[in-house]
Structure formats: structure tokens, C-alpha cells
Amino acid sequence: MRKSFYLIIAIISFFSAIPAVSQNTSIECMYEYRFVADTTAVKMLECGTIIDGDSTKIGNDHFILRCGGNVSLFYSYDRMVRDSVRAANKQAGKRDISGYKGKSGSGLKVYKDFENNTITLFDGIFMDWFKVVESSPLFEWNICDEWKELNGYKVRKATCDFRGRKYEAWYATDIPVSDGPWKFCGLPGLIFEVYDLHCQYYYCLTGIKQKEATVDYPDIKTIEVTMKKFNSTKRRYLENPAMYTSNTYAGPVSFVDKDGKPIDPETLKKKMSFDFQEIKF
């Protein structure tokens, strides 16, 4: 008998929305997301567990996927909670940043419009928001005759190559929603688990419930770029934030630590020790 599993969560919108493009969905899913932040320091198994190295080099976040209609939205639950706490503190006249002890979460949002066959990615770099609008990708899934059980559901294996990575996914035909975490979609059932074969990016469904919820197109002032341009811009920022900010905002930028003490910009320079999820375009 299929088991039911639920994760009760408080949904508080953390962005303004444009009511004219609101649409309803019927399912709300919670995913755990793990990624290797330093491929030289740690290795991860397909199931998201560590087999060798420094566990602090494994990034972790929790995402919500609202899906089941003509549109869906994938966004960070951890970021939503943080922003909600800050907003409440601000309204109460409290200093909201220093007092928050929870996870910051990712600014990433992925909006899928199945009717118009587009995917829009939103993400932030320093003080700016960027937007990437693309046609829905053709994942060209290969359906395999291999099954297992996840959270009480029988799920089937599928594989694909996408932008420089090979993936394995496990989807439930009992939930006929052709959607999943991040940009993944196109299978005849909801994706429960998906990971790249280098085991650097991992998504796993941890909760699902029926919920009639509104999905709004994020109303964020953005800079529209290609995915390739976004990745190159983010790389420049991560490897040399001082140079990036001074070039972007027309002047030198001072950096301080949490105690307000100056930080030497040279100490912030570093070589990225991981690859972005999308490598080839």
C-alpha cells in the first residue's frame, strides 16, 4: 500500500507579484538540494551522502516546487523563511540581519511556463538580480526498465545528457505531473530524485501535499542575460568580488567583516573549486 508523507510548511511570499499572470497549481513539493562546493575537498555518493572529505564543503538547501498546472515555481524555502523573519523584524523596528541565526538559502527561482514553452531563471549576484529566459529544454530522456521505491512510491529510472552533465532521474508514474526540481521536466510523472553522474548536484523529494496555491511570476527588477553570460558574470564575482564590484559600480568598494573591521580585498580572491551545474551551451 502506498504510504502518504507530508511536510507541513508555512508559505509566506517573499517577492511582490504581478496578479495578472497568477495561475493555480495543485501540488506543493519539498526537495532537499545538495551540491559539492569544493570538488577537491570532498566526494558525494549518488544518494547525497559523503564518502570522503570535508563535510563542510557540501552545500545544502531546501526548495519548494509548486506545480500541477500550466506554470510552476521552484524556489528556496530557506531563503523564504529568512526573508520573512527579516521583514517581520523590520516591521517591529528591530535590526533584522545580525539577529538571524538560520540558513540564508539561495536566491535562485525557476519559473516554468508550459503553455508558452519557456523557462525563466532568476538569481542574484551581489546587489543585482539577473533573469535568463529560454525555451523549455529538450532533455531527451531515455526511459529505463529499472525501478525502486522512494517514500513509499514505486519510481522508474530515466537518464539524459544536459549541458555537459549526464543525469539519472527517478520519477513516479502514479503522480502524473511532468515536472521536477530546478529545470528538470518532461517525464511522464513527478521527479522524486535526480543527480548528475559525477555526484556533484543532487535533488531529492522529501515531502509532498495537495494544495491549491497561486503561482505568480516573480516581480523583480532584473538584468536579462543569456545563461552563458550569467555563469561567466557569476564566476567573475566569486573569484574576485572586489574587482567585480569596483568595475560594476564605478568605484572602489570597501569590505568589512561581521564586526565592522576592514577586510583586505586581496584576501577575497580565490579560484573556483567547483563547476556550475550547466557547463556546455
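**Close-up views of a predicted model**

K157 is buried, with a relative accessible area of 12%. All views below come from a predicted model.

**View 1. K157 pairs with E146 in a salt bridge.** K157 sits in strand 10, while E146 sits in strand 9 (residues 142-150). Eleven residues separate the pair, which links distant parts of the chain. E146 is partly exposed, with a relative accessible area of 37%. K157 counts as buried because its 12% falls under the 20% cut-off.

**View 2. E134 and R163 form a salt bridge.** Their closest N and O atoms lie 2.8 Å apart. E134 belongs to strand 8. R163 is in the loop between strand 10 (153-162) and strand 11. E134 is buried, with a relative accessible area of 19%. R163 is partly exposed, at 24%. Salt bridges with shared partners join E134, R163, K183 and E278 into one network.

**View 3. K112 meets D179 in a salt bridge.** The N to O distance is 2.7 Å. K112 lies in strand 6 (residues 109-113). D179 lies in the loop between strand 11 (165-172) and strand 12 (190-196). The pair links distant parts of the chain, 67 residues apart. Both K112 and D179 are buried. Side chains of opposite charge can pair when their charged atoms come close. The model has 16 salt bridges by count.

**View 4. P218 is buried in a loop between two strands.** The loop runs between strand 13 (201-215) and strand 14 (223-224). The relative accessible area of P218 is 3%. That value is under 20%, so P218 counts as buried. P218 and Y111 are 107 residues apart in sequence. In space, their C-alpha atoms are 8.2 Å apart.

**View 5. Helix 1 spans residues 77-91.** Helix 1 has 15 residues. From first C-alpha to last, helix 1 reaches 21 Å, close to the 21 Å expected at 1.5 Å a residue. At its start, a side-chain oxygen of S76 comes to within 3.3 Å of the backbone nitrogen of D78. The buried residues of helix 1 are D78, R79, M80, R82, S84 and N89. These buried residues pack against strand 4 (58-67) and strand 5 (71-76). Just after the helix, G93 takes a positive phi of about 80°.

**View 6. Helix 2 covers residues 227-239.** Its 13 residues should span 18 Å at 1.5 Å a residue. The end C-alpha atoms are 18 Å apart, which agrees. Buried residues of helix 2 are M227, F230, N231, T233 and E239. They pack against strand 7 (118-125), strand 8 (128-135) and helix 3 (241-248).

**View 7. T233 is a buried residue of helix 2.** Its relative accessible area is 5%. The T233 side chain reaches the backbone oxygen of K229 at 2.9 Å. Leaving aside residues up to four places away in sequence, T233 touches I125, F130 and Y244.

Notes. Residues numbered from 1 in each chain as written. Predicted model: local features only at pLDDT ≥ 70, side-chain atom pairs only at ≥ 80, totals over all residues. Heavy atoms only, no water. Helix = DSSP H or I, 4+ residues; strand = E, 2+ residues; numbered from the N terminus. Expected span 1.5 Å × (residues − 1). Buried < 20%, exposed > 50% of the residue type's maximum accessible area, 1.4 Å probe, protein only. Contact = heavy atoms within 4.5 Å. Salt bridge = Lys/Arg side-chain N within 4 Å of Asp/Glu carboxyl O. Polar contact = N/O pair within 3.5 Å; in protein donor to acceptor, adjacent residues only side chain to side chain.
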